[in-house]
Amino acid sequence: MIRRLRRASTFAGVAALAALAPTLGDAAVVPFLAVAGLAFFGIREGEWFETLALPGDREEERLYGLVAFSVAAAGLALFASLPRAPLPYEAFAAAALAVGGGRLGREFVGRSSTDEFPLVAGYVGVGALAALAGQVAVRVQTELLGDAGGLALGGPVPAPSLDLAGTASSLATAFPDLVFLASVAALTAALVRSLVFSRDAHITVILVAFAVWGFVALDPTVTVPLVAFGLGVTAALGYVSFALGTASVPGMLTGVLSALLAVVLGGVGWFLTLMAFYAVGGLASKYRFDEKAARGVAQENEGARGTGNVLANSAVALVALVGYAATAHVALPPAPFAFAFAGATATAMADTLSSEIGGLFDGPRLVTTLRRVEPGTDGAITWQGELAGLTGALVVGGIAAVGMPVGDLAVGGGVVVLAGVAGMTVDSVLGAVVEGDRVGNQAVNFLATLSGAAVAVALGVTLL
């Protein structure tokens, strides 16, 4: 355990070099390449090798894990110093320290607990704090060095500014944005880590850096109450979903990240619309689970939804959410993106309730022929399930009409409800026609939510 903690501390120390990037400028790549060279050529055996070796490194007698992480950080440092469209130093520091700090937090918690939730919480919590500290350090250097900041290789050292009051004021103004970006970095890092091998920190840091860069470019309006509400509520709901078994750890992380993005990029109404699906859909999966399992219609993994399932139902809505946020920077109307988000979410809700509730009743019929089939047959429907799906679409339509820019309760809400029912029907038809060995359930769910979004946009543009 001590060795693992020392190893994580070393990774965190290497990651912390990213916070010095504004001062180092073009030379920011040098310390990472130095670490990579030392790890590859200089440490081949002994106590340091045993301490830093990740699974698989000992067989290959090379510290490939540390080398790959350092090389990935070097690449990001180089990209951050390019003269055209550089990777922001804040994104670089947030990504590197979210991964390095997250590893350290997980190992520290691992000294007292082996349960997955505390380990993930340690990764996200320490990773977010480290990412925040890295961004603050970058901002301080940038403010003090000014636009000419950074040490060019072989170039002069810029004269620093000593406007400490201005720097403190700038940090206070930017603090909610930095907290949001740090949280996104840590959650994304934990999610990617849960989907790849623990030694693939180089993949994680690259993906996190570009994800954070995207949100820096979106430049959303983040306030202290908004980010506090988003973090507090999403963290609590994430814990509840994991504790109740409605989501696996990767599924929980995906849901928490999606909900945080919804409240910050869209607003409380968007958040409530999405959370209605996550909460009701998750509980519906666990409702009378043993009975559904006996009938062969239960959700796999004991009803706990994983990342694939969450994204299959939410990917279209999340793309619409990002598109809505991007309309502040491009000449596009925001309303179609709002309708797409609400229509996709209504479809996911309707389809989930239709399947989870309808599967409890006898006499299902194939949607394409209406002939009786066995429970669990792809494309099978029951009138009880259809009624449950309609109810779910009504719930989402009502919330969206009140809290989102989709029009009034009658017309806007009605559009969302019709889109949800249409998407639910498309899901059933696709299940009967194409679902099988080549086209899985998650692909069908994605296509259904896409169709629900398209119907909502078409009706919304026509009627409003």
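**Entry 1: the model**

I am working from a predicted model. I keep that in mind for each entry below.

**Entry 2: salt bridges overall**

How many salt bridges does a search of the whole structure find? I get four. Side chains of opposite charge can pair when their charged atoms come close.

**Entry 3: Glu47 and Arg3**

I started with Glu47 and Arg3, whose side chains meet in a salt bridge. The N to O distance is 3.2 Å. Glu47 sits in helix α4, residues 46-52, and Arg3 in helix α1, residues 2-16, so this pair ties together parts 44 residues apart in sequence. Next I checked accessibility. Glu47 has 45% relative accessibility, so I note Glu47 as partly exposed. Arg3 has 35% and is also noted as partly exposed.

**Entry 4: Arg4 and Glu107**

I moved on to Arg4. Which residue does the side chain of Arg4 meet in a salt bridge? I find Glu107, at 3.2 Å from N to O. Arg4 belongs to helix α1 and Glu107 to helix α7, residues 89-109, so the pair ties together parts that are 103 residues apart in sequence. Is Glu107 buried or exposed? Glu107 is at 12% relative accessibility, and buried means under 20%, so I write down buried. Arg4 is partly exposed, with a relative accessible area of 41%.

**Entry 5: Arg106 and Glu116**

I then looked up Arg106. Arg106 forms a salt bridge with Glu116. Their closest N and O atoms are 3.5 Å apart. The two residues are 10 apart in the chain, with Arg106 in helix α7 and Glu116 in helix α8, residues 116-145. I record Arg106 as buried, at 15% relative accessibility. Glu116, with a relative accessible area of 33%, goes down as partly exposed.

**Entry 6: Gln442**

Where is Gln442 found? I place Gln442 in helix α19, residues 441-463. Gln442 has a relative accessible area of 36%, which I note as partly exposed. What does Gln442 contact, leaving aside its neighbours within four places in sequence? I list Gly308, Asn309 and Ala312. I also looked up the separation between Gln442 and Ala211. These two residues are 231 residues apart along the chain. Their C-alpha atoms are separated by 24 Å.

Terms used. Residues are numbered from 1 along each chain as its sequence is written. This is a predicted model: local features need pLDDT of at least 70, side-chain atom pairs count only at pLDDT 80 or more; totals for chains, interfaces and linings use all residues. Side-chain values use heavy atoms; hydrogens and water are left out. Helices (H or I, at least four residues) and strands (E, at least two) are DSSP runs, numbered from the N terminus. Buried means under 20% relative accessible area, exposed over 50%, partly exposed in between (1.4 Å probe, protein chains only). Contact means heavy atoms within 4.5 Å.
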